[in-house]
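Open the model in your viewer and keep the selection panel at hand.

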Amino acid sequence: MNRQILHIDMNNCFASIEMKLRPELRGIPLVVSASHDGRHGIVLAKSEEAKIFNIKTAEPIWMAKKRCKDLKIVEPHYDEYKKHSIWAREIYYSYTNQVEPFSLDEAWLDITGSTKLFGTPLEIANTIRQRIKDELGITVSVGLSFNKIFAKLASDIARPDSVNEIRKDNFKQIVWPMKISNMMGIGQASVKKLNEAGIFSLGDIAKTKREELEKILGSHGEKIWDQVNGLDNSEVKDFHHLDPIKSISHGRTFIENLDSKEEIRYVFHRLAQKVSRRLIEENLEAMGVQISVKDKDLKQESFQKILDYSSFSSIVLRDTALDLFENYKWDKSIRFLELRAINLTKDSNVQTNFLADFKDEDKKSKLDKAIFNLQNNFGKDMVKLGYSPDLDERYGDEKFER
Ligand SMILES: [Mg+2]
C-alpha cells in the first residue's frame, strides 16, 4: 500500500512568532538574533522581507546589515517558540498518532491510516495548514509524498502557506534535476566526494550504479541511492506514544553456582537496587514482584506476588523477592536469579490490598530516592544501601557473568 507522509514546516518560525506577538514588526525586514550589539550576533531566523536582501540564516549580523541598513533585530523568545511547537503538535495528533518531530518547527506525520476519517491526503494536508494559520497565527509549508525524504523535499520547495505533493509518477521530473545538496542527509563532505566523481544532481545519483555509490560513500551511498530512487521506507517514529513499559527486571547468571542463603540474599539485595533505580528513573512504581530461578541444569521456576502498596523501594522489592524464594524447592545449586517489577503504575502508593495497614513504605521509598539523588550527584560508588563489604568483595559484579 502507498504510504501517505506529510512533512510540515513552520515558515520563518521564530520571525513569524515575533511578528505575531508584536504586529508592529510586520512588513519590515527583520531578523531574530541573540545578540543586539551587531558585532557577534548571527541570524537565527529572518522574515520574508529580509529574504529580499538575500539575508541567510547563520550569517553574522554585521554582514546582513551591510546589505540592509534598516534591518530590525529582535531577541529570541524560546519559551514562545516551544509553546507554539507544542500547540502545533496537538493539532497534528488529532489526525494521526504517528508524529515525529524533527526540530522545534518541523515534523513528519504518517496519515496513511487517517484517510477514512479525515478525507484524502491532500484534504488532510490543507486542513492542517489552515488550522495552524487560524489557531496559531503562523503559516506552514506542507510536503506530501509516499516517503519521508520526498515529503521533506516537497515542503522545502513549497511556497509559504501551501501544500506541495511529490508522487510516484512525478518524482523523477521534480527531484532528479535538483542539486545533491538539496536532499537531507547529504553533507558537505559527501557532496565534495560525489562532485569529484562527476555526480552533481540527484538524478546523477539515481543513474549511477548502486555499487558505484557504495564505493564512493560506503553504506551511506547505498542508502541515498535508494532514497533518490523513491525506495526510502524509513518509518515515522512515534516518540509520544511509546508503548508503556510493562515490567522492569534485572537478572544475573553466575560463574560459580550459588549454594547458600546468604548468597541468595545478597544477590537479591543487589538486583533490587538496580530495579529500584530504573523505576525511579522511569517515574514508575511496581504493584507486584516476580522472581525467576534457574538451577545448574537450567530448569527454571518463577514466582510472583502482588504488593499491598505499589512501591519503588529496593527494600520492599528485596524482601518480597526473599519471601517468594521461600516457595522454591531448593535441591540443586543455583545458576541464575532474576528480579522483575511487574504491574507498573505511574501513580504512587497505590493500595492493592484494602485490608493492609499502611506501614513504613514511605520511609523506605524516601531512603531509595535519597540514595538515587546522591548517586546521580556524586557517582554510583559514593553511596550504597549497605549490606556487607565482605559479601561485596566475594559476590560483587566481578563474580557475575557479563
Ligand atoms: Mg521552518
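**Stop one: aspartate 226**

Select aspartate 226: leaving out residues up to four places away in sequence, it touches Arg210, Leu231 and Asp232. Contact here means heavy atoms within 4.5 Å. This is a predicted model, where local features need pLDDT of at least 70, side-chain atom pairs count only at pLDDT 80 or more, and totals for chains, interfaces and linings use all residues. Residues are numbered from 1 along each chain as its sequence is written, and side-chain values use heavy atoms, with hydrogens and water left out.

Now show side chains. Those of aspartate 226 and arginine 210 are joined by a polar contact of 3.0 Å. Such a contact is a pair of N or O atoms within 3.5 Å; within protein, one must be able to donate a hydrogen and the other to accept it, and residues adjacent in sequence count only if both atoms are side-chain atoms. Helices (H or I, at least four residues) and strands (E, at least two) are DSSP runs, numbered from the N terminus.

**Stop two: α1 and α4**

Select residues 13–21 (α1) and 78–93 (α4). Which residues of α1 meet α4? They are Phe14, Ile17, Glu18, Lys20 and Leu21, facing Tyr78, Glu80, Tyr81, His84 and Trp87 in α4.

**Last stop: the whole protein**

Zoom out. The protein has 16 helices and twelve strands. Of the contacts with a separation of 6 or more, 66% are between residues 24 or more positions apart.

Technical notes
Axes are lines fitted to C-alpha atoms, for helices over the stretch in contact, and angles run from 0 to 180 degrees between N-to-C directions.
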